[in-house]
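Try each task before you read its solution.

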Amino acid sequence: MDKTFIGRNPSVLWFLLALGLFTAGVTILSEAGLSVISTSFVKTLGKTLCLCLIAIAMDVVWGYCGILSLGHFAFFGIGGYAIGMWLMYARTEGIVVESLSSQVIPPTPQEITDAIGNQIFGVVGSSEFPAIWAFADSLFLQLLMVILVPGLLALVFGWLAFRSRVTGVYLSILTQAMTLALALYLFQNDSGLRGNNGLSGLQNIPGFEDTPQSTISLAFFLGSALALGLGYLLFAWVVSGKMGSVIKAIRDDEARVRFLGYQVESYKLFVFTLTAIVSGIAGALYYPQAGIINPAEIAPIASIYLAVWVAIGGRGRLYGAVIGAAFVSLLSSWFTSGGVPAVNLGFYTIQWTDWWLVLLGVSFVAVTLFFPKGIGGLFDYLVRKPS
Amino acid sequence: MHRLILAFALLLGLTPAVSAQTLQDILQTHADEVAKPGRRTVGVVLDDLAASGLPGVAVFLEKWQDKSVWQRDDGQFFIAAEQADTLQLTDIDSGEETSAAKDTFTQLKPNGGVRRVIATALVQFQLMDPDVERRTTAVASIARRPDASQLGPLLGAIDGETDAALKARKIQLANFLSASFAENTEDRIAAINSLSTDTSVEARAVLNQILTTSPGLATSLPTDQNVAGVLTPGEDMTRDEAYRLLVEAELAAPRTPPDVIRAALEANVVDGRVGNIPVAQLGSTANRERAYAQLAAVGTVAPLVTQSDRNAAIDEFIFFETYDEEDKAITQAAAAALGAVENRVAAGQTIDLALDALSLASIYFLAAIGLAITFGVMRVINMAHGEFIMMGAYTGYVVQLFVPSYTASIIIALPLAFAVTFGAGVVMERLVIRHLYHRPLETLLATFGISIALQQLAKNIFGTQARPLTSPEWLDGALVFSDVVQISYIRIAIFVLALIFLGLILYVLKRTRLGLEVRAVTQNPGMAASMGINPDRINMLTFGLGSGIAGIAGVAIGLYAKVTSEMGADYIVQSFMTVVVGGVGNVWGTLAGASLIGFLQKGIEWLNPSNTLAAQTYMILFIILFIQFRPKGIVALKGRAAAD
Amino acid sequence: MSTLLEVDGVSVSFDGFRAINNLSIQIGEPELRAVIGPNGAGKTTFMDIITGKTKPDEGKVIWGERNISLLGMSESQIAMAGIGRKFQKPTVFEAQTVRENLAMALRNPRGPFSVLFYKKSRNGAARIEEIAEEVGLTDSLTRPAGELSHGQKQWLEIGMLLAQDPRLLLVDEPAAGMTSQEREHTTDLLKRAAQTRAVVVVEHDMEFVRRLDCKVTVLHEGSVLAEGSLDHVTADQTVIDVYLGRG
């Protein structure tokens, strides 16, 4: 990343500065400092940062490359499951070893494995370890899975779809079908990932049992901020320069790009896979903060919400995606947690927990109709680019 | 057998020698057995009663079974009904009614076993009862508890039967009984052979009953038993199962499971060691077995049965299955008959599956055709299409709140649902879609916004619980071809509805001015506009039409599934896939897509019957692959018109 | 002048309609060739077949000294082999600047990773300036292409074509919607390009074709009706019949 890159993209610098200030502010106000912000709110903010990370990935694939993927949350979920498997295995192992150590004679490895299997898969009426848990005991391998599995899935799916020149709405529906298939698969008890129970207790980090949650959540918050910063840099670099030129050209007229001699499919595949990997990483950071992951998280609706955030924030600009994701998801949790006072109309009282989705749906239509550039478009009025 | 012959005599109308007696006389002869009946002793009484041929026997037996027979202190029996302190008495023979104080009577309370014996005897009478309902009940009771003793009475009751359906049932049942219980082998085989065309569950149960097997083992295959087949351990059964059989037959020592070893070791820790192995080293299976072997060597515990011991024991024996039925001819006939039946059942199941698939395809067609029309004409994917389906279903629900007659309410609901969703579609087109032409991806998102708003709105209005949309009685039940092939009337109705709409849409598109204009706009909007067709109007009407059909589909779907605010979402992805697979802008394409997806889904469900989730997963994977080979769907537009 | 492209006995039909019927054309290098013909003669389909957009039902398309068949290649492979195409409607990337448009077209490795790690070079910048100069867009290099006038967009597209450095340029109606002054400029551009490479111009406008002063191929109903100098073909009776109404 040469000097000219930041020089040519001043918004990157501004963004990183804002993110740094925000992170520092939250750290100071958290329980580690002035104790103004509760641990659960630090978790919410940390999760929001992860959502911002997948939102910029979505922005690159949709806003820049023109592929409206309705399946990126599948990659997010896979990342979560991959890290969740290690968290759950390692933690259960700790508990099991602890309880078996009170026996007269030491347990055999087989006994330990059986007991862990019983603990984890008892809820789906099984105690056998499925094959996909083969690496669950290794943090390193599971971290590798966080990257490899979404990457490979995106590579195979993208290769199939782009090769046959499925585009536009068709492609969107195909990606939606992909995430639906994955969610349905995971809902089965014999999927090997505990069916609709999902993986739980992920907020307990093995090896840090004695560390208070306030410290752990702050650490994850900082990790998420770092990931978002790095992700932002990565994507800003990708979409600037000639690569950005080509993928924007693909978005605007892919046939023309082909006649210029570019293998459009390879570019789409590159963008699709790269964003899928980043989505997986975002998921791997998100779910330890959320504490639980289940197949409902991967349902098609989640990926559509992702598109909604990016659209509201403003497509085709990375900070727009961050603003959209942060704004809508925080607003959403504020409204749905009952934090907004009810409005009494005399004949009817508007409970926002009931009406938030209606408001969101309608405002989303309004944004699409009247502000196609989203919230980020407002910056255009503030910063007039010289032309 | 004695009873059976008597019963025959009774049924054949022979006048028994004891006919001069009254019922009371017979009962008095066996007064003790009647008053305090036991399962064994009651048989004599029943035989005599049956033999008497007296008309009151059946009534008496029923009352006896009901605990409505009382004995007076002088030993006389009466049928009685309790009324506070008095009894309404009916004379057993004359039927004369009197009443008396309760304290001089004792109620007869036959126990459950006796009551069952009485019931069996009663069946013989009921089978011949003039009342057809009682005969039907009797036949049903035999079917519930088939028993050798019922074969005779049943055979005798066939000829006199006037009701054709009941007669057929009696013959079928008699066949079942003969197959299992007939006296000689020829009769049984004849009955078994006659079952080879019967696909009913009962017939298969009878044949399976004859073919039940038990496992056996010996050093060589026995010749004196009806052997069904040899079981090879490791192939037909697991080696663990084989060993378990050996243990059960006490031919081998039970295996020593790991937890027994552990318990034995824990019980024998001496000075921190088991044998000469320190406790700390017992964390491996090999060391544990060594320690256990040391304990066994000094006789503290039973010797360890190792894997090779078990293998040797298994290899010494032959494992096989024998039929519980000893006659080889019968089991062969039954096996052949069962094979024939299963072939027929398989054929039936295929037909049944095809019918299921057809009705599923009809539903997908109804759900997707509106979407296909709007997508074909306007290149607009309407994510709120599912919510229009939901609106249609709720319209039906609301109509039923006001119109009590289910038939009338459905007749009102269908056009009303069309009108409501047509209106909603037009409003949506005017307010939103119109402004987003040529931005298909944004239309997709805007309509998604409408979709979540409508869904939540429905939740706020109608609540989260499912609302019923009740079908008229004439749609209840199913058209039953056999135990295997049947289809519910609602599904037939939906199929017919889909056919009607297929015809209607084809008519509108091919034979009307509107259809001509719609096709013109589909194929070349610019040219159509320049020829004086107002694309705005066409788009509006098309969108309304597509939405209206969704409303009708909603009523249809609501009839057999529950009406919830989320029902639209359940169908939307399948509808999309129907459109994508079928190809855009063509009614036949949608039909082909719906059929493919419907049949595919049922086919996969059949291959993997335990799991509809897996079936759906595989189906979606198939569609993703299908798109690879036909990216434009089954019925694709060709040439320059297809270029985007 | 050696043969660069040989189209031999090519036919293609859409839903029973024969757009190209046993068409055979040879293009040499260097050469300037004009292809004319009434609407529906198959001019655009002819280009679609060469550039790989449409696969013909039968026939051969042979390219270059090593006689490679173009039929099995994808659009991008054909473009990389040295065939550039300008569409009838100017299609430039309006959201990007003129410089970015030209930079994308420059002859450089086209793989995603070489593009990702692409570093701007002095050579590349110089080449962009040179092309901009040639098509008269030097002052507009930093402007978004969407702001250009119709004629400027046409030139930008020709510029992108030149930046690709192809051996064969297929140019579809380059003069449509241009003022006469702009036409003159365009003619000069094409003539200059044709000094070193093959240029095929599809055009309706006879005046423009006359100014190109080159060999002309007349297409009609998907096959070659006449070939030769403009004066020769305009004197041909069958050509006159086709252009002035059938009989």
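**Exercise 1.** Work out where Ser11(C) sits in the secondary structure, whether Ser11(C) is buried or exposed, and which residues Ser11(C) touches.

*Solution.* Start with the strands, which are DSSP runs of E with at least two residues, numbered from the N terminus: Ser11(C) falls in strand 1 of chain C, residues 2–14. Next, accessibility: Ser11(C) is buried because its relative accessibility is 2%, the cut-off being under 20% with a 1.4 Å probe and protein chains only. Last, contacts (heavy atoms within 4.5 Å): leaving out residues up to four places away in sequence, Ser11(C) touches Arg18(C), Ile20(C), Asn21(C), Asn22(C), Pro56(C), Asp57(C) and Glu58(C).

A word on the ground rules: this is a predicted model, where local features need pLDDT of at least 70, side-chain atom pairs need 80 or more, and totals for chains, interfaces and linings use all residues. Residues are numbered from 1 along each chain as written, chains are lettered from A and ligands numbered from 1 in written order, and side-chain values use heavy atoms, without hydrogens and water.

**Exercise 2.** Check the radius of gyration of chain C against the globule rule.

*Solution.* Take the rule, 2.2 Å times the number of residues to the power 0.38, over C-alpha atoms. For 247 residues a compact globule would come out near 18 Å, and chain C has 18 Å, so the two agree. The C-alpha box along the principal axes is roughly 60 × 40 × 35 Å.

**Exercise 3.** What share of chain C is buried, and what share of its contacts with a separation of 6 or more joins residues 24 or more positions apart?

*Solution.* First, 54% of the 247 residues in chain C are buried. Then the contacts: 68% of those with a separation of 6 or more link residues 24 or more positions apart.

Definitions and conventions
Buried means under 20% relative accessible area, exposed over 50%, partly exposed in between (1.4 Å probe, protein chains only). Helices (H or I, at least four residues) and strands (E, at least two) are DSSP runs, numbered from the N terminus.
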